[in-house]
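Please read it alongside the sequence and the coordinates shown here.

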Amino acid sequence: MSTLGDAWAYLTDPHSWLGDYGVLREVSPGEWVLPRDSILALTIEHLGMSAGAVLAAAALALPLGVLLGHVRRGGAATVIVSNVSRAMPTLALLTLFAASAIGFGNRAVVLAAAIFAFPPILTNAYTGMADVDPDLREAALGQGLTRFQVATRVELPLAWPLIAAGLRTATTQTVATVPLAALVAGGGLGVIINTGLATQRYGQVLAGGLIVAVVCLGVDALMGLLQRRLTPAALRHRTLIAS
Amino acid sequence: MDEVPNPWLSWDYVERNSEEVIRQLTIHTTLTLQAIAIALLIAIPLAVLAHRVPRLAGSILGTSAVLYTIPSFALFALLAPFTGIGRTTVLIGLVVYALLVLVRNIVVGLQGVDPDVVDAARGLGYTPTRLLVSVELPNALPAILAGLRIATVSTVALVTVGVVVGYGGLGQLMFRGFQSDYRAQIATSALLCLLLALVLDLLLVLAGRLAMPWTRRRAA
C-alpha cells in the first residue's frame, strides 16, 4: 500500500519533525513563534492550547462543583449543563466564535475547548462531594468540626478520586478536541491532517491521524497514572467512574 | 464605508437557501439513524458475548475504551486514505463511536439484571436463548435506552466533524459559513443541529415509554 509507505516516509523524514525553521522561529527581533511545518512545534502548540483550556475550565468548574456538591444544591443544573454540551457540536461553537468578535485562530479554539472541558469537571466534583456518606458528615459535625472543616478534611479527600477522574476525562477530551482548530485557521496537530487533505497527500493524513491518536492515548495514560498517584491509598480500591 | 449587515439570525437566509439547508439536514439525519442502527446491530451480540464470557468482557470493554480515546478527527484521517472522501468514511467513524457507547451500556444493563429473576427463569426451565430474549434483554432495556440516547445525541454532534472529509451534513454549512463569514448560515445550522438532537432524544424517550409500560406506571 503506497499510502502506508508515504506515511512511513513522512514520519521518518527529520524535516517533517523540525520543518524549515526548527521548533522556534524568530519572525521579527524578539518575537518567536511555533512554525506550522514542524511536528514537534505543532505538538508543543497542541499541548499548550490543551493545558490552557483545561486550566481555565478547572479554575471555574472545580470551586463551583465542590461548593455546589458541599451544599447539595444545583444537581439538576449540572446534569442539564452536561447534556446540552453533549448535543452541541464542537464545530458549531468553533465557527460561531470564529465569526463573532472573538475572531478565528487559537483563542477561539482554547475558549471552545474550555467550554467543553467544563461539564465533566463540574459534574464529577459535584457528584464526588454530594455522594459522601451522610453518616460520615454527621459524625464529623458531631465531633465539633465546622462546616468548612467537614468540606475540606472529610468530603474533599473522599471526593478526590471522582474529581481526578473528571479532570482526566476533561483533559483527554480537550486534547482530542484541539485538532479541530485546524479547520478554523488555528494551530496544533490537526494542521498536519488538514494540510495533507488539502494537498491530497494521504500518507501525511494517515501519519497525522496516527500522531494525534498516539498523543491522545499518551496523555490519557499519563493522566491515569497521575490520578492514581494522587488518590489516597485507602481509596484506591474504589472503582473510578469517568465522567 | 457602509458596513454590510451580517446578522446571526435571518429568516431571509432560511428562505433563500431552504433547498440546501433541507438537503444537509436530510444527510445529517439519515447518517445519524443509519449509524445508530448499524451500531446497535453489532453492539447487542458483542455485549451479550461480553456478558456470557466474562473472560472476554475485560478485553472488549478495554479495547472500546482505547478506541474511544482516539479523536474522531484522527479516526477520519486514518480511514480516509483507504475508504476515500465521503459518506462511507464518516459512517464507519460514527458507527465505531456509537458502538463503544452502546456496548458499554448494554453490558452494564445485562449485569444489572436482578440475579433472583434470572435464577427463577432458570428454575422454570428457560433455555439460555429464551432467558436472554424474554428475561435479560427486557430487564436491561432501561440501560440500553440510556445508552441509545447518549449515542444518538453524540452522533448528531459528531457528524459535523465529517467536514474533514467533505461530508459533514449541517457541519458543511457551518464550515462554509465560517469560510465566507456568513453568520446566519453558521447560526442556523448550529441551531438545527441542537434541534435534531433534541427531537431524536424525545423520540427515543417516547419509544422507551411505549416499549416499557411498567416504567410509566412507576412514574405515575
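A residue is called exposed when its relative accessible area is over 50%, buried when that area is under 20%, and partly exposed in between. By that rule Arg16(B), with a relative accessible area of 65%, is exposed. The structure is a predicted model, and the points below should be read with that in mind.

**The interface between chain A and chain B**

- The size of an interface is often given as the accessible area lost when the parts come together.
- For chain A and chain B that buried area is about 2900 Å², and 85% of it lies on carbon and sulfur atoms.
- On the side of chain A, the residues that lose the most area to chain B are Arg86(A), Ala99(A) and Leu183(A), which together account for 19% of what that side buries.
- The contact draws on 35 residues from chain A and 32 residues from chain B.
- At least two residues of the side of chain A that touches chain B come from each of helix 1 (2–12), helix 4 (75–87), helix 5 (90–99), helix 8 (147–177), helix 9 (190–198) and helix 10 (202–230) of chain A.
- Helix 10 of chain A gives the most to that side, with 10 residues.
- By residue class, the side of chain A that touches chain B divides into 27 nonpolar, six polar and two charged residues.

**Salt bridges in chain A**

- Over all chains the structure holds eight salt bridges, and one of them joins the side chains of Glu155(A) and Arg137(A), with an N to O distance of 3.7 Å.
- Because Glu155(A) lies in helix 8 of chain A and Arg137(A) in helix 7 (residues 134–142) of chain A, this pair ties together parts that are 18 residues apart in sequence.
- The two partners fall into separate accessibility classes: Glu155(A) is buried, with a relative accessible area of 0%, whereas Arg137(A), at 21% relative accessibility, counts as partly exposed.

**Salt bridges in chain B**

- Asp12(B) forms a salt bridge with Arg16(B), in which the closest N and O atoms are 3.0 Å apart.
- Both Asp12(B) and Arg16(B) lie in helix 1 (residues 11–16) of chain B, where they are four residues apart, about one turn of the helix.
- Asp12(B) is partly exposed, with a relative accessible area of 40%, whereas Arg16(B) is exposed, at 65%.
- Glu20(B) forms a salt bridge with Arg23(B), and here the closest N and O atoms are 3.2 Å apart.
- Glu20(B) and Arg23(B) both belong to helix 2 (residues 18–52) of chain B and are three residues apart, about one turn of the helix.
- Glu20(B) counts as partly exposed at 22% relative accessibility, and Arg23(B) is also partly exposed, with a relative accessible area of 46%.

- Salt bridges that share partners join Arg72(A), Arg137(A) and Glu155(A) into one network.

**Cysteines**

- A search of the whole structure finds zero disulfides over all chains.
- Cys216(A) counts as buried because its relative accessibility is 1%, under the 20% limit.
- Cys193(B) is likewise buried, with a relative accessible area of 0%.

How values were computed: Residues numbered from 1 in each chain as written. Chains lettered and ligands numbered in written order. Predicted model: local features only at pLDDT ≥ 70, side-chain atom pairs only at ≥ 80, totals over all residues. Heavy atoms only, no water. Contact = heavy atoms within 4.5 Å. Buried area = accessible area lost by both parts, 1.4 Å probe. Nonpolar A, V, L, I, M, F, W, Y, C, P; charged D, E, K, R; others polar. Disulfide = S-S within 2.5 Å. Buried < 20%, exposed > 50% of the residue type's maximum accessible area, 1.4 Å probe, protein only. Salt bridge = Lys/Arg side-chain N within 4 Å of Asp/Glu carboxyl O.
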